Amino acid sequence: QIESLWEGRGQLDSSVFFISSLVARSVGLLDDSRQPKSEETMRAAILFLLSLSVISSMGTKTEWGVESIDTYIREIRATMDIAKYATLATFSRTSQDINSRIIFPKPTNITKAEELERVYFATNKHSRKYKELQPSSSSKDHPARVNLLYWDPEGVGYVAIRGAAFTCPQDEANSQYWKGWDFVYPNGPLTEFYTLIRIVPDEIEFASYNRFNVDVGHNRTDWRPLTLVRSDPTAKWSVLPDQKE
């Protein structure tokens, strides 16, 4: 039985086995050819290598259910604030193109949007971006749809938010103005061209390979990352149904 376990060591991840073998050799369980020094040490070597392999495989969260949604929301917010900047994608009003640009959203820890119920960013009301964020003339009752992408290079992770965009009324634009925008709006919220956009998310994709060890897409054939959804702004976030399995 011990020999069959030892012969099956190739089923371990090769990099994990190699590193584990070096460690096992350093503590005297294996000889220079990475074989047990004696029959008596075989069992200890097997247990040592298998335990290290199991521990290493626990480093990345690859299946739904490892953490609560509240924890994921906190990690998503942290990733957004670490990234600072985001890419905003909107539908063109003059063609079938999609336009993208970098924006500087208000940090979530300042917005106090604990459940990511809203994301704010300031813009120029004379800009192309502003026009593309308005409801279309054919469906004024339906707000513009947008995608907001945050990239965390050090954490090797990203947050992709899909949702509806709304132009804030003046009182909200004034109260939610952030000092971090002063370099663009010299008179703060009283700047003539300043306007505030509120994005109300209804779907969030999240991956964070190094910082938070989130990799739900790893075990999926379509590589779909952890995806949270909600039916309306007042609803609780839930995991995408086909990721609950």
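A salt bridge of 2.9 Å, N to O, joins the side chains of Arg 77 and Glu 114; a salt bridge is a side-chain nitrogen of Lys or Arg within 4 Å of a carboxyl oxygen of Asp or Glu. The structure is a predicted model, in which local features need pLDDT of at least 70, side-chain atom pairs count only at pLDDT 80 or more, and totals for chains, interfaces and linings use all residues. Residues are numbered from 1 along each chain as its sequence is written, and side-chain values use heavy atoms, with hydrogens and water left out.

Helices (H or I, at least four residues) and strands (E, at least two) are DSSP runs, numbered from the N terminus. Arg 77 is buried at 12% relative accessibility, whereas Glu 114 is partly exposed at 45%. Here buried means under 20% relative accessible area, exposed over 50%, and partly exposed in between, with a 1.4 Å probe and protein chains only.

The whole structure contains 13 salt bridges. In one of them, Glu 205 and Arg 162 have their closest N and O atoms 2.9 Å apart. Because Glu 205 lies in strand S6 and Arg 162 in strand S5, the pair ties together parts that are 43 residues apart in sequence. Glu 205 is buried, with a relative accessible area of 13%, while Arg 162 is partly exposed at 24%. Arg 220 and Asp 222 also form a salt bridge, with 2.9 Å between the closest N and O atoms. Of these two residues, Arg 220 is buried at 16% and Asp 222 is partly exposed at 47%. Salt bridges with shared partners join Arg 162, Glu 203, Glu 205 and Arg 224 into one network.

The protein chain has seven helices and eight strands, and 44% of its 245 residues count as buried. The largest nonpolar core has 30 residues, and Leu 148 and Tyr 150 have the most contacts inside it. A nonpolar core is a set of buried Ala, Val, Leu, Ile, Met, Phe, Trp, Tyr and Cys residues joined through side-chain atoms within 4.5 Å. At least two residues of this core come from each of helix H4 (69-83), strand S1 (86-91), S3, strand S4 (144-152), strand S5 (157-167), S6 and strand S7 (226-229). H4 gives the largest share, six residues. Leaving aside neighbours within four places in sequence, Leu 148 is in contact (heavy atoms within 4.5 Å) with residues including Ala 86, Leu 88, Ile 103, Val 119, Val 159, Ile 161 and Ile 199. A second, separate core of 11 residues includes Tyr 120, Ala 173, Tyr 177 and Trp 181.

Eight aromatic pairs were found. Rings of Phe, Tyr and Trp (its six-membered ring) pair if their centres lie within 6.5 Å; planes under 30 degrees apart count as stacked, over 60 as edge-to-face and the rest as tilted. Phe 104 and Phe 183 form a tilted pair, with 6.4 Å from centre to centre and 50° between the planes. These two residues are 79 residues apart, with Phe 104 in the loop between strand S2 (98-103) and helix H5 (108-111) and Phe 183 in the loop between helix H7 (170-175) and strand S6 (194-208). Phe 104 is buried at 19% relative accessible area, but Phe 183 is exposed at 64%. The pair of Tyr 185 and Phe 193 is tilted because the planes are at 40°, with the ring centres 5.5 Å apart. Tyr 185 is buried at 5%, and Phe 193 is partly exposed at 23%.

Thr 123, in strand S3 (residues 119-124), is buried with a relative accessible area of 2%. Beyond its neighbours within four places in sequence, the contacts of Thr 123 include Tyr 185, Phe 193 and Tyr 194.

The mean pLDDT, the predictor's confidence in each residue from 0 to 100, is 82 for the protein chain, and 70% of the residues score at least 70. Over residues 1-17 the pLDDT is below 50, and over residues 52-58 the value stays under 50.
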